[in-house]
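Please look through the sequence and the model shown here before reading on.

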Amino acid sequence: MNEGDERKPPYAEPGAGVHSRVFGDEVMLLDLESGQYFSLNAVGTRMWARLAEGKSPAEVANDLQSEYDIEPQVLLKDCVALADELLRRGLLRRRRE
Amino acid sequence: MNPLEEMPLLPGVGFRWRPAGTGYVAEWEGIVTVRIDAAGTIREVDVNPGAALEAVEKVRSGAAAAFARFVAGGFSLHSSAACDDGGAVVCVGPSGVGKSTVMSFVCSSYGLRLLADDVAGLSPVDGIWHVLPSEKSVWLQSPSSAARAKHPSARAAALAPARISSVVALAFDDSALGLEVRQLRPVDAAAELLSSLMRFATDAQHMLREVELAAAIERQAPVFRVVRPHVTPPEEVAAEIVRLNAGAPTT
């Protein structure tokens, strides 16, 4: 690995048994372990897609900043809040390093 | 983000089921115990001593039939439904929101035929989801008793399955100024349908099938949320439901 190629470890990944189902531009999350369904609106869906790829809330906010006319700190706060709730419900889980 | 609420099978009534031999035993505490074979046919109904006949009949024609359908691989919605030649309107929502009352007016004032009350069995016909006919009259809460009585005004019952042409999710909101109607976005429509689905198992296989069912119905028929304050007369809601169903696609 060359210097500078080192990548940050992923922030999180979908929880075990979490399945997503797309409806138009929105998504429904199925927790196949708890038997519960969750729905996300369009903004939450965009955040989810990036969080599920392993991006941190700060990286997600940075990605989405150009798409929404919103103060950066407000967008970051929303991303952190959603990530926290997804983690709390087990829909995301932190990656072990 | 909120988890979708699960609809209790019968509010306030304990329910459990277990495999028994090659079939299943399902028990609605204090009301009935039902034996169902592996093909989903009800073989035996044991009425608990002291159970009210209305409650027994309600379980037998509703929740027990839904469980039998589940055993056979089918689905049921906690809903009331009626149809005309254009298709079936399915009315969902929590217990006490007025599904039966509104549907009784839909049938008595607008000539739709009753398909199901409280529990609607679903069946695909050529890939299109239909409601199975199961009721001849509407279950209504008696204002003077916890017992439920059949409403006498809705006697015209449908005899054949009817294609789902619209779904209406009823809700009360006393801050609403009147009847508020909006068509739900696909994910909210699917969530509304899943909240009304009678769920007997929560394993992965069933959940994935349930979501695909909700997706198919959502693609097939518009799903509306109709919110009203308690003072809105049910006749007004019935008129709106008929109007919405008449405007639904007929293909």
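B:F70 and B:F200 are both buried, where buried means under 20% relative accessible area, exposed means over 50% and partly exposed lies in between, computed with a 1.4 Å probe on protein chains only. This is a predicted model, in which local features need pLDDT of at least 70 and side-chain atom pairs count only at pLDDT 80 or more, while totals for chains, interfaces and linings use all residues. Side-chain values use heavy atoms, with hydrogens and water left out, residues are numbered from 1 along each chain as its sequence is written, and chains are lettered from A and ligands numbered from 1 in the order in which they are written.

**Aromatic residues**

- B:F70, at 14% relative accessibility, counts as buried, and with B:F200 it forms a tilted aromatic pair whose centres are 5.3 Å apart, with 35° between the planes.
- Rings of Phe, Tyr and Trp (its six-membered ring) pair if their centres lie within 6.5 Å, and planes under 30 degrees apart count as stacked, over 60 as edge-to-face and the rest as tilted.
- Because B:F70 lies in helix α1 of chain B and B:F200 in the loop between α3 (186-196) and α4 (204-220) of chain B, their pair ties together parts that are 130 residues apart in sequence; helices (H or I, at least four residues) and strands (E, at least two) are DSSP runs, numbered from the N terminus.
- Over all chains, a search of the whole structure finds 11 aromatic pairs.
- The rings of B:W17 and B:F70 have planes at 65° and centres 5.9 Å apart, so this pair is edge-to-face.
- B:W17 belongs to strand β1 (residues 15-20) of chain B and B:F70 to helix α1 (residues 53-71) of chain B, so the pair ties together parts that are 53 residues apart in sequence.
- B:W17, at 31% relative accessibility, counts as partly exposed.
- One aromatic cluster is formed by B:F15, B:W17, B:Y24, B:W28, B:F67, B:F70 and B:F200.

**Strand β6 of chain B and its partners**

- Six of the six residues of strand β6 (residues 87-92) of chain B are buried, so this strand is largely enclosed by the rest of the structure.
- Strand β5 (residues 75-84) of chain B pairs with β6(B) in the antiparallel sense over six bridges, where two strands pair if DSSP finds at least two bridges between them.
- A hairpin through two residues joins β5(B) to β6(B), and B:A81 has B:V90 in β6(B) as its bridge partner.
- β6(B) and strand β12 (residues 162-172) of chain B run parallel and are joined by five bridges, with B:A169 in β12(B) as the bridge partner of B:V92.

**A charge over a ring**

- In chain A, the charged end of A:R21 sits over the ring of A:F23, 4.9 Å from its centre, a contact that requires NZ of Lys or CZ of Arg to be within 6 Å of the ring centre and within 35 degrees of the ring normal.
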